[in-house]
Amino acid sequence: CLSAALLAPLFMLLPGNVVRGESPALLELEAPLEQLKPLRQRSAAAQDRLRAAAHFATGRSLLGRGDLAGALQHYQRAWHWDPQASAPLAEIVPLAFSLEMPDVAVRYALLAAEHQLSDPLLLRRLALYVTEEGDWQRAVRLYRTWLAHPDVKLSRDQLDKLLVQVELGRLEYLAGNNKAASQVLGNFQQAVARAGPNSTIAKQLRRALGDELDAAWELCGLAHLADRSFDLADDALARVELPLDQADRLGYERAQAAFGQGNPMAAWDHLRGFLKRGDLSAGTKPFTLLSEVLATLNQRETLLVELAKLQAENPDNTALALALAGELQQRGEDGQAMQLYHRVLAETPPSNELTVAALKRLIPLLAERGDAHRLYEVLRQAGQRQESLAELGDQFRQVDEQAGLTDRLLNVARATEARTKAESVAMAELLISVGRFDEARSFYRQAIELAPREAADLTLAWGLALFVSDAHE
């Protein structure tokens, strides 16, 4: 049976039972409730850590239920509230990658790297991804983080380190960071040199890269040349194995390295082989180097003879023709020089740097002679072959310095029948360069009349030309 102590409260609450007086138990129940207070107030940092722990626990719970996206959000919030905590970062990177959110993965991988939490394999995977996306700066950071990772430093696997150094150097070179590229590729180069050509690592490198190893050595040479590290450049370029029919392909680069080392004779030998190839890839730079080499050898006067010989052997080489024209012009042979400049204009593809170089030399020559008709013909050619003549502003001002020449040129242009859009735009650009804006506007209007479908582009070109000329009308 129930005890009297347990029945007493029930008996007192039964209907008809009137309790006289006040019960101590009821008095305690009717007393107001009081909120519990901590003995010590939490700091803001402690409160943030508590929030972070709550989000982290929620993330774990959601991950267990298969809600990867929800888990990621709570892990991110956990890191937000406690950036010093390592546990959220360790979870975020692989989870973001699993959810195909590489941008998020990369951002947190870099943060994780600062806490030395990133997996080296994951770092390389992310670096490869951002490289393919064209984000070279981020790829560089990831590769440098990989090289600095404790597991990588302690690893005896040298092949991976060398391969990453080559890729890192390539990215630094593409980004224009010549010194950084030269430094990391120099480390690669010196490591291979220390090991020796018959070492295990040298054989592994050849197997891993195959024919691309020669491309890697060429990259090293180019990066060192850009940084003016001529000894390293010479060593790297000498390691490139070229087929017999391309033996002199890197002659210009090897000449640069030799000349930089103070060996003009070796530079001259390399240049001879390169120039006989008729290679146009370097433009007029090899001929400029040839002039410097011959000057160092006290044979500067033989340059014209050497260029003429090369021209006879390579009659289709427009870069060589341009170099020969420049040398003839320096010696006062303006007539022969102009013939070669005209040939370069006629034979060079549109929007080519050789075209601009020829125009920059030919226009002042014609201006000095005051030949408005030939000058207009050159201007017509320039307009047809170049999208913009903004680079010729200095030459156009030289035209205007010749008394009355701009007016005579205008008369020739106005008298020309069946003028094309390109000719009208070229005249307008010349007139803008010399501050004759009203006349320039009329030529732009004529261009729009000749090509109404291009009205928007021509109007924009007119506005940009005015802006460049500081004529904001």
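This is a predicted model: local features need pLDDT of at least 70, side-chain atom pairs count only at pLDDT 80 or more; totals for chains, interfaces and linings use all residues.
The protein chain contains 27 helices and zero strands. Of its 473 residues, 41% are buried. Confidence in the model is expressed by a mean pLDDT of 85 for the chain, with 89% of the residues reaching 70 or more. In residues 1-21, however, the pLDDT is below 50, and this stretch has four contacts in the model beyond near neighbours in sequence.

The packing of helices was examined for two pairs that share helix 22. Two packed helices are described by the angle between their axes and by the distance between those axes. For helix 20 (residues 334-347) and helix 22 (residues 372-385), the angle is about 30° and the axes are 10 Å apart. Because angles under 35 degrees count as roughly parallel, helix 20 and helix 22 are described as roughly parallel to each other. The crossing of helix 20 with helix 22 is left-handed. On the side of helix 20, the contact is formed by H342, L345, A346 and E347, and on the side of helix 22 by R374, V378, Q381 and R385. By class, the residues of this contact comprise three nonpolar, two polar and three charged.

The second pair consists of helix 22 and helix 24 (residues 405-415), which pack at an angle of about 65° with their axes 9 Å apart. Helix 22 is therefore roughly perpendicular to helix 24. Here the crossing is right-handed. Helix 22 contributes A372, H373, L375, Y376 and L379, which meet L405, R408, L409, V412 and A413 of helix 24. The contact of helix 22 with helix 24 is made up of eight nonpolar residues, one polar residue and one charged residue.

Helix 15 (residues 251-260) illustrates how buried residues are placed within a helix of this chain. Its buried residues are G251, Y252, E253, A255, A257 and A258. These buried residues pack against four helices, namely helix 13, helix 14, helix 16 (264-276) and helix 17. Just after helix 15, G262 adopts a positive phi of about 85°.

Most residues other than glycine have a negative phi. With a relative accessible area of 63%, R228 is exposed. N298 is another residue other than glycine with a positive phi, in this case near 60°. The position of N298 is in the loop that runs between helix 17 (285-296) and helix 18 (303-313). N298 counts as exposed because its relative accessibility is 71%, whereas the cut-off for this class is over 50%.

Terms used
Residues are numbered from 1 along each chain as its sequence is written. Side-chain values use heavy atoms; hydrogens and water are left out. pLDDT is the predictor's confidence in each residue, from 0 to 100. Contact means heavy atoms within 4.5 Å. Axes are lines fitted to C-alpha atoms, for helices over the stretch in contact, and angles run from 0 to 180 degrees between N-to-C directions. Angles under 35 degrees count as roughly parallel, over 145 as roughly antiparallel, 65 to 115 as roughly perpendicular and the rest as oblique. A crossing is left-handed if the near helix is turned anticlockwise from the far one by less than a right angle, and right-handed if clockwise. Ala, Val, Leu, Ile, Met, Phe, Trp, Tyr, Cys and Pro count as nonpolar, Asp, Glu, Lys and Arg as charged, and the others, Gly among them, as polar. Buried means under 20% relative accessible area, exposed over 50%, partly exposed in between (1.4 Å probe, protein chains only).
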